[in-house]
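Dear colleague,

Please find below the structure that I am handing over to you. My notes on it follow.

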Amino acid sequence: MAAKDDLIKRFKAAKFLLLGGSAGSFKLLFRMVKMFPHDFKKTVIIVIHRKKNFFSEIEKLFAENSRMLIREISDKDPIDSNAIYIAPANYHTLVEKGGYFSLDVSESVWYSKPSIDVTFESVADSYGKDCAAILFSGANQDGANGLLKLRQSGALTIAQNPEDAEMSEMPGAAIGIDAAEYILHTTEIFELLQNST
Amino acid sequence: MREITGKEINITSAQLTELIDLVRKIHGFDFSDYTKASFKRRLARIMMLKKLEFYDLKHILVNDPAFFQEFLEEITVNVTEMFRDPAFYRALRDQVVPYLSTYQHAKIWCAGCSSGEEVYSVAILLKEENLAKKSFIYGTDINTGVLKEARKGIYSLRKIKSYAENYMLTGLPGSITDHFTIMYDAAAVHSELKQNTLFSVHNLISDTVFNEFQMISCRNVFIYFETELQERILDLFYNSLCPLGYLCLGNKETIRSDNFRKKFKVINQKENIYQKIGS
């Protein structure tokens with residue numbers, strides 16, 4: 001139980017909650033967003049792979065179903081402590097030490113833009129020890145290196161148990177390089193959220 | 001030398017400052033107002049591509065004059081597309097073209113044009129709107145290498161195919177290949193589209209006003225700069241626009257400075273198209 005207490009304590013203490021997902025993660029992220037209370041005192045940053053020119057209704061859908069403020073990130077947007085930020089399609093989202101976002105259109109990483117690695121690594125660089133991060137289902141290896149950097153910089157890092165993931169490769173890659181401090185079943189992830197809000 | 005992979009590269013803030021100082025002193029290029037997170041990523045990318053440790057990178061920057069050009073090309077992001085963000089081009093057609101058509105000669109500046117895709121996209125749009133003959137587009141970049149590509153106007157067929165969807169979504173008639181001559185695996189932009197374009201070197205950080213424009217497009221450039229530098233460049237753009245001229249930044253970049261918010265009217269909130277007011 002000690003491990004579980006530690007998990008809850010650190011999850012509660014985190015100022016940033018980073019959620020990364022690709023194929024097979026949307027429903028879970030949507031469920032999470034619905035659960036966040038309006039006074040969830042965290043900056044939630046969601047990086048989900050999506051195609052360019054795919055005028056996704058993600059923000060709209062999330063906004064209609066969330067008690068928190070939802071924002072699609074624009075360049076140099078300040079980072080608020082009680083909001084959900086969604087990485088825009090076709091850009092990488094970076095976090096700057098001064099407390100704002102910056103965007104980047106450079107090469108795709110793992111064929112992905114936004115790339116989870118890019119955002120996770122830049123948060124690790126600036127705010128690592130204040131973070132909790134969860135890597136969900138996906139069909140490539142994006143996010144593993146980023147999660148490792150977060151872990152190395154003191155963040156609480158969690159991978160969805162690959163057995164539960166629709167696409168196991170992404171959390172599997174993170175586990176393979178020992179980037180995840182905790183490997184949790186989907187039910188445990190939602191329990192954690194329930195116990196921490 | 002040891003193999004360097006992306007995972008291992010960790011550049012500290014102190015190293016970043018050290019390198020920026022070094023480049024400024026030796027090469028006269030000032031990167032100090034570039035956004036730190038993306039600049040760090042570019043440095044890490046160069047170190048990985050060239051298999052260099054941080055110390056080696058400094059050494060080669062000081063001792064190999066030819067390397068700097070390569071360094072500059074890698075530091076400045078040159079990822080671009082034709083008709084990137086099709087909604088932007090629809091907004092240009094609906095909200096800016098009518099204004100441009102009131103001029104006998106309209107001058108347009110694409111700042112930070114990289115390999116020219118955006119310049120030719122605007123040229124195609126103007127041609128379809130029957131404005132090609134009375135408009136002139138200047139494409140500028142700090143990078144001589146990409147400008148060479150831009151002047152050629154030859155792109156791989158694979159790239160052109162990937163732009164086809166963008167083109168379709170702009171609502172322009174026909175297909176993107178109507179504007180190119182296909183030669184085996186490459187596509188050359190029609191020479192009539194090149195006639196009214198000029199590509200030249202211009203450094204937004206250190207160079208000044210060089211002409212007066214009815215429209216300036218500068219997309220995915222501001223994202224690499226801190227807000228103070230953005231403001232300095234906004235001043236340059238403001239002074240380069242004719243009264244009521246249009247500044248087009250694209251959908252993720254906004255004018256944040258209160259000072260400049262007063263000097264520009266928002267024409268399209270989503271695509272961040274502004275019109276110069278006052279004088």
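How many residues of chain A are in contact with chain B? In this predicted model, 31 residues of chain A are in contact with 35 residues of chain B, contact being heavy atoms within 4.5 Å. The two chains bury about 2,600 Å² between them, 44% of it from carbon and sulfur atoms; this is the accessible area (1.4 Å probe) lost on putting the two parts together, summed over both.

Six salt bridges are counted between chain A and chain B, each a side-chain nitrogen of Lys or Arg within 4 Å of a carboxyl oxygen of Asp or Glu. A:Glu107 and B:Arg45 are joined by a salt bridge, at 3.5 Å from N to O. On the chain A side, β5 (92-96), β6 (100-104), α4 (116-127) and α5 (144-152) each supply at least two of the residues that touch chain B.

Within chain B, B:Asn203 sits in the loop between β6 (197-201) and β7 (213-217). Helices (H or I, at least four residues) and strands (E, at least two) are DSSP runs, numbered from the N terminus. B:Asn203 is in contact with B:Phe29 and B:Ile142, neighbours within four places in sequence being left aside.

Residues are numbered from 1 along each chain as its sequence is written, and chains are lettered from A and ligands numbered from 1 in the order in which they are written. Local features need pLDDT of at least 70, side-chain atom pairs count only at pLDDT 80 or more, and totals for chains, interfaces and linings use all residues, while side-chain values use heavy atoms, with hydrogens and water left out.

With kind regards
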